[in-house]
Amino acid sequence: MADQKHRILMVSDFFFPNFGGVESHIYYLSQCLLKLGHKVVVMTHAYGNRSGVRYMTGGLKVYYVPWRPFLMQNTLPTVYGTLPIVRTILVREKISLVHGHQAFSTLCHEALMHARTMGYKVVFTDHSLYGFADIGSIHMNKVLQFTLADVSQAICVSHTSKENTVLRSGLPPEKVFMIPNAVDTAMFKPAPERLGNDEIIIVVISRLVYRKGADLLVEVIPEICRLYPKVRFIVGGDGPKRVRLEEMREKHSLQDRVEMLGSVPHAHVRSVLISGHIFLNSSLTEAFCIAILEAASCGLLTVSTRVGGVPEVLPEDMIVLAEPDPSDMVRATGKAISLLPNIDPQQMHNRMKKLYDWHDVAKRTEIVYDRALKCPDQNLLERLSRYLSCGSWAGKIFCFVMIIDFLLWRLLQLWQPTEEIEEVPEFTLPRHQDEEIISNFNQEQNLG
């Protein structure tokens, strides 16, 4: 690990106060990088009345730029509209490297494009899996190919995700690193007292959407309730498929055995998890799955679909895998119920502390940053040759887009020279203040 400290700009449409796998990854990674002595700034779009500059735990500075979400928390694609504000932030904060997150984040793609135009080194982390056949995936893969054609280094959260990203983008495998997610084991602890087995409680916490397998739950839950009279379900989460689950509960008269919690703030996730014995994940596609880590850290045995990078997440004795098919999921759940007497929640938690650690993730990411910053600088003509290789027509379009971006950047340089942009003063949080600041993201969510 190099002694050189970096100035990093994290960019994504997905960040606090919204919460999910990408959001928690950016937050915890940023906190650990700050503790390693790096400067970290986050750029995302405005959330409700949360706009402008905010500070979070440890002095983490967040720019909530005044763009409103357009679709699924993504900003409207403008291609060049974000160039002035991205340039201003990069200059003001004296950034040395830009780190974008998530393949379907519009803000991420645009920021990485502008950063490369201005000569900055960029790193991209892919958190999702995509197919190759449907129209949406074909479009997304071409956008990813455009962004990664000129990226310095890339990171994926699982080996399956790495293979998927390399195939979709054409990026050389040696430029792609596998660094998994982690879990805050200090936050996700088992219940002080072990639950009895008089009643088996299965917990589901997920966005209730098609991709997360909500339709599978509609078929699986009634069958499990029929086969195992002692089983009760707690379902946390919201989404368009919630109506189907409500209808299923009414149809099979399971109101007393299926509890619907609705949206669960991240601060309350642990309290829901420790009330159960088994965690059920029905995702149809998953690059990783932080929810599984959180459940295992709380001592729950996991039942999950065998999709994407999920088989890589936990040891075999901590998870029961099933095909994304209702009958196989019912079989796997039955097997998990039979294994429950052998599960020791505290022992499982201790194993998770050794397996996953955000500080280890930060140190491995630091190595990727060092490699990215050692990449040779390239002029516009050298960079355009990379875009030309993206396809006979797409390559020419990509080159045209980058040429226009370069010309607009030069125009901005003339209109507002870099020297006229005021750099922010250095700010280091005193150690005693750092310790007094709220230390966990869950508390910040309560205050947010």
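Colleague: Which residues line the second largest cavity?
Modeller: Ser-24, Tyr-28, Ala-182, Val-183, Asp-184, Phe-188, His-266, Ile-290, Glu-294 and Trp-358. A cavity here is a set of points, on a 1 Å grid over the protein atoms alone, where a 1.4 Å probe fits but cannot get out, and lining residues have an atom within 4 Å of a point. Bear in mind this is a predicted model: local features need pLDDT of at least 70, side-chain atom pairs count only at pLDDT 80 or more, and totals for chains, interfaces and linings use all residues. Residues are numbered from 1 along each chain as its sequence is written, and side-chain values use heavy atoms, leaving out hydrogens and water.

Colleague: Switching topic, how many disulfides does a search of the whole structure find?
Modeller: 0, with a disulfide being a pair of cysteine sulfur atoms within 2.5 Å. For Cys-156, the nearest cysteine sulfur belongs to Cys-108, 12 Å away.

Colleague: Is Cys-156 buried or exposed?
Modeller: Cys-156 counts as buried because its relative accessibility is 0%; buried means under 20% relative accessible area, exposed over 50%, partly exposed in between, with a 1.4 Å probe and protein chains only.

Technical notes:
On a 1 Å grid over the protein atoms alone, a cavity is a set of points where a 1.4 Å probe fits but cannot get out, and a pocket is an open set with protein on both sides within 12 Å along at least five of seven lines; lining residues have an atom within 4 Å of a point.
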